[in-house]
Amino acid sequence: MRPPTTRTGGPGRRSPTTPAPGRFPPTALSPPAGTQVPLAGEPPPGAPDVFDIPAERRGWFTQILTRAVAATTLLFSGDNGAARGYATPRQRGEPAAPAQDALFEPDLPWASNTAQTLPLRDGLRAEGSRYLAPLPGGRTLEVFRGVESELYRHLAEGRIGQYLRTAPRIFDRWSASRRQGEVLSLSRDGTVLVVRAADKQR
């Protein structure tokens with residue numbers, strides 16, 4: 001008796017145990033249905049890289065981070081001049097590093113005022129910039145972005161430590177009197193954002 005023969009598929013066909021590209025073979029170790037498998041040549045997903053900062057450099061690293069916080073907060077308010085004092089020459093795009101992108105880009109192409117004081121509730125105020133853009137029907141979109149006034153002064157005058165100590169107190173004070181549905185937001189870092197539509201340019 002002739003032994004049974006095994007038929008092989010023609011061109012373009014796979015045996016039942018040959019997985020298609022990007023799929024696991026049907027074994028007991030197969031992942032659940034719908035699991036995405038990286039294609040050939042793509043690195044598999046994994047944990048982010050972790051870099052160890054030597055103990056003798058951690059003070060420097062902390063200083064870099066806190067100065068970055070100060071610069072971005074002032075940039076948010078529109079005070080690029082004060083923010084430049086916290087940036088490195090490379091971040092400022094100075095000639096010493098012409099190949100690097102500058103940290104400070106031109107502002108939005110809207111009508112703006114970068115010396116605005118916005119009264120808030122509970123005796124709080126914010127210093128920042130007001131941007132206006134036309135809306136259909138003759139209305140105006142108004143966007144104010146800034147920093148609570150006391151925190152702004154700390155940053156503008158170089159008192160980062162005082163800013164970091166005061167910001168939680170300002171946020172707690174604001175949260176205690178916050179109202180539902182209002183168009184004003186004050187974040188834990190003291191930044192303030194207001195977005196509203198006005199019937200005419202204010």
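The structure is a predicted model, in which local features need pLDDT of at least 70 and side-chain atom pairs count only at pLDDT 80 or more, while totals for chains, interfaces and linings use all residues. Residues are numbered from 1 along each chain as its sequence is written, and side-chain values use heavy atoms, with hydrogens and water left out.

The chain contains 4 helices and 5 strands, these being DSSP runs (helices H or I, at least four residues; strands E, at least two) numbered from the N terminus. Their order from the N terminus is α-α-β-β-β-α-α-β-β. Of the 202 residues, 27% are buried, that is, under 20% relative accessible area with a 1.4 Å probe and protein chains only. Among contacts (heavy atoms within 4.5 Å) with a separation of 6 or more, 46% join residues 24 or more positions apart. The chain exposes about 14,400 Å², of which carbon and sulfur atoms supply 55%; such areas come from the Shrake-Rupley method with a 1.4 Å probe.

Helix α1 covers residues 58–77, and its 20 residues should span 28 Å at 1.5 Å a residue, the expected span being 1.5 Å times one less than the number of residues. The end C-alpha atoms of α1 are 29 Å apart, which agrees. Within α1, the residues A70, A71, T73, L74, L75 and S77 are buried. Their cover includes α2 (80–84), β2 (125–134), β3 (140–148), α3, α4 and β5 (191–198). After α1 comes G78, with a positive phi near 95°.

Two packed helices are described by the angle between their axes and the distance between the axes. For α3 (residues 149–156) and α4 (residues 160–176), the axes come within 9 Å and cross at roughly 170°; axes are lines fitted to C-alpha atoms over the stretch in contact, with angles from 0 to 180 degrees between N-to-C directions. The two helices α3 and α4 are therefore roughly antiparallel, a term for angles over 145 degrees. On the α3 side the contact is made by E150, L151, H154 and L155, and on the α4 side by Q162, Y163, T166, A167, R169 and I170.

L151 belongs to helix α3 and is buried, with a relative accessible area of 0%. Beyond its neighbours within four places in sequence, L151 contacts Y163, T166, A167, I170, D189 and G190. The C-alpha atoms of L151 and T191 are separated by 9.0 Å, although these residues lie 40 residues apart along the chain.

Note on methods:
Buried < 20%, exposed > 50% of the residue type's maximum accessible area, 1.4 Å probe, protein only. Parallel < 35°, antiparallel > 145°, perpendicular 65-115°, else oblique.
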